[in-house]
Amino acid sequence: MGTYISLSIVPSRISNFEWEQVYDESLKLVNAFPFADVVKGEYFGYELPVYAKAVEKIDPERHWVTRGNLQSKRFAETFTLYRDISHYQSVKLESIQKDIFFEEDRLLIDVFNSKTQGYEYHLYILAIAMLIESRLPSKSMVSGNIDYDQCVKAKQWADQFLSSPIEIPVRVDVDRLLSKSSYVNNEMEQLQFINKWLIAEQEEKFKLIYRHFSRKFFIEWFGNELKAYSSPNQLGALKMLIYFINITADLNDLLDNICKSKYGPQFSDSEIIRAVARTWVCLPREKFSFLDVFAKVSDYPEVMERQFGTVMMDVMLTGREIKTYIPLTEVVQDLEAFLTNTTSDIESMLKQEITKIEDQLLAFHNQIRPALEIKEASTEDKMYLADEDAYLYYDGSTMVLTDEQEFTLKVIAYSIKTFLNREGALKEFLSVPLEKLKLLLAAFVNEKFNMILTEQAWQWIDETDDSLLVRILLVKLIIDDANDLKHLKSHSDVRKAMFENKLLTKIIAVYMDNETKMKEIEKDVSQFDKKMK
């Protein structure tokens, strides 16, 4: 699971002159955005890998590399582009394709095929991939976890810096894609073509098939798709029912295709009633409008956490995608016209299923209430974020912390202060001159934690004359190492933020100096220890 951007080319059909031109254009986009690369930096006489602004490298070949965004301080996998096309002509070729994009059998290679994990540099890498496809049509192709809206946004950004505009990739542009399918012989081949090449959400593909193909073909296709499921309540079948209702707003038409069409599946009446209820078509919108917070944001890539969350919600809350509401009485009437059950039986079964759904929604709403409250508390002047972002971007004014996040910092402050007050060899170890402390910190970061920080992080540490801030960072590393917390996300998030966001570390220092707050935390810790015994 992950969020990818891919770019494939046919190196044998690209001249070095063509490739050098598009490479030089790509440098304009690399220079226009704070792409990050890993370079070597010397701090306190110690050589460290650090994130710095990505620039063109000359040796051993001219190329550029990026693996994230300095502004957001989020980093994922590496994307590299070489200026000499022979670099791609000389490596082992990936596959042989025969298709409409490359006109005949051609050997392909992936120039990009890495994860951005949906981080901020995703759209800007996408813009570079789109540039290459635009300048080298029929010789290159963009794919991955992308959609039309993302590509529009990437194009708008890139066009500002280029001498001529770029185009939307063929695989997300329905009209351009269909114009290339003129060679297919019938609707079935055209459908296979769309399924193979179009990059779009499931519902968008469903809409295209409904609107582009003949009614007879669509009904036959729809029925055959449903026949693949033993029950209409299986996830894939339910989604198809929901898409149908969203497009037509006609439950009667759906039931006609399920119950009477010769192409339709053979589902039992009780299974159909249950499935109709589980589409949420007769559930008032206000019952589940709180789920809008999880809706996909147009033109924004999916982060990995959302991909995982979507899978879980598909299983638990499939009906959240419904966009049509039909009152229960009308749903009962429609079902009555096609099924053998009595009106009272249909109504009873629907209400029973709806009650289950409402109970499930209530339980889920209570479970996520803290997250909803954080979102609702945010305004234009005050923004609350999830822990990882809250600590990393906290600025004390616009980006603020919740009470729970502040409590976490107070606990960290208490643990560090307690550690520093201990007598013994470690206290002497931490009493060395400031420059020696900084060298120890660099060694711990690099050799014990393998952390790669930005140049900005090391610069503020290098420039500070506040030995307490350096001790706080060093003790945090010692505590996390001793308690085997290096790979625990909740700790690695705040640990990274303490280095990257100087203000966060200063806040911890302020808490440490506040005797009242430290006594409150000591009391809480004592009460917790008693409960655990």
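Are F79 and Y121 buried or exposed? Both F79 and Y121 are buried, where buried means under 20% relative accessible area and exposed over 50%, with partly exposed in between (1.4 Å probe, protein chains only). The model is predicted, so local features need pLDDT of at least 70 and side-chain atom pairs count only at pLDDT 80 or more, while totals for chains, interfaces and linings use all residues. Residues are numbered from 1 along each chain as its sequence is written, and side-chain values use heavy atoms, with hydrogens and water left out.

The structure holds 27 aromatic pairs. Rings of Phe, Tyr and Trp (its six-membered ring) pair if their centres lie within 6.5 Å; planes under 30 degrees apart count as stacked, over 60 as edge-to-face and the rest as tilted. The ring centres of F79 and Y121 are 6.0 Å apart and the planes stand at 80°, so this pair is edge-to-face. It links distant parts of the chain, 42 residues apart: F79 belongs to strand β5 (residues 74–82), and Y121 to the loop between β7 (106–115) and α3 (122–135). Helices (H or I, at least four residues) and strands (E, at least two) are DSSP runs, numbered from the N terminus. Elsewhere, ring pairs join F206, Y210, F218, W221, F222, Y243 and F244 into a cluster.

An open sheet is formed by three strands in the order β2-β3-β11, with mixed pairing; two strands pair if DSSP finds at least two bridges between them. β2 (36–43) and β11 (453–454) are at the edges with a single partner strand each, so one side of each has no neighbour in the sheet. Strand β3 (residues 46–53) runs parallel to β11 and is joined to it by two bridges. V50 stands opposite L453 in β11.
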